[in-house]
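Take a look at the fold before moving on to the notes.

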Amino acid sequence: EAHDAVVAAARAKHGVWWLMRAPEALRAAVDVLPPEPAALAALRRRVQQSFDPRGIFNPLKLQAA
């Protein structure tokens, strides 16, 4: 319930949220990061690929998928 309230409050103000610390059960049950719009996800992948072509720096750490 608390997570849902934080997500709703952030979205109401056009903000973003990250779940930084939580028990594994909660992390598995809810989004840890807000979903990226498709265009932003494509841009992030291109930038990430240009800086880290071998994918060795924090793979999947700053994306929801």
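Helices (H or I, at least four residues) and strands (E, at least two) are DSSP runs, numbered from the N terminus. By that rule, the protein chain has three helices and zero strands, in the order α-α-α along the sequence. This is a predicted model, in which local features need pLDDT of at least 70 and side-chain atom pairs count only at pLDDT 80 or more, while totals for chains, interfaces and linings use all residues. Residues are numbered from 1 along each chain as its sequence is written, and side-chain values use heavy atoms, with hydrogens and water left out.

**The chain as a whole**

- Of the 65 residues in the protein chain, 15% are buried; buried means under 20% relative accessible area, exposed over 50%, and partly exposed in between (1.4 Å probe, protein chains only).
- Contact means heavy atoms within 4.5 Å; of the contacts between residues at least 6 apart in sequence, 26% join residues at least 24 apart.
- The protein chain exposes about 5500 Å², with 62% of that supplied by carbon and sulfur atoms. Accessible areas come from the Shrake-Rupley method with a 1.4 Å probe, and for residues only the protein chains shown count as cover.

- Which residues of H1 are buried? They are His3, Val7 and Ala10.
- These three cover an arc of only 65° around the axis, so they sit on the same side of H1; the arc is that of the directions from the helix axis to the C-beta atoms.
- The other side of H1 has Ala2, Asp4 and Ala12 as exposed residues.
- His3 belongs to H1, which spans residues 2-12, and counts as buried because its relative accessibility is 15%.
- Leaving out residues up to four places away in sequence, His3 touches Trp17, Leu19, Val30 and Asp31.
- The His3 side chain also reaches the backbone oxygen of Asp31 at 3.4 Å. Such a polar contact is a pair of N or O atoms within 3.5 Å; within protein, one must be able to donate a hydrogen and the other to accept it, and residues adjacent in sequence count only if both atoms are side-chain atoms.

- His14 follows H1 and has a positive phi, near 60°.
- Most residues other than glycine have a negative phi.
- His14 is in the loop between H1 and H2, and is exposed because its relative accessible area is 77%.

**Salt bridge and surface patch**

- How many salt bridges does the structure hold? There is one, a salt bridge being a side-chain nitrogen of Lys or Arg within 4 Å of a carboxyl oxygen of Asp or Glu.
- The side chains of Arg44 and Glu36 form this salt bridge, at 2.9 Å from N to O.
- Arg44 counts as buried at 18% relative accessibility, whereas Glu36 is partly exposed at 30%.
- Leu40, Leu43, Val47 and Phe51 make a nonpolar surface patch of about 410 Å². Patches are made of residues with over 30% relative accessible area and no salt bridge: like charges are joined within 9 Å, nonpolar side chains (Val, Leu, Ile, Met, Phe, Trp, Tyr) within 5 Å.
- Val47 is placed in helix H3 (residues 38-51), and counts as partly exposed at 39% relative accessibility.
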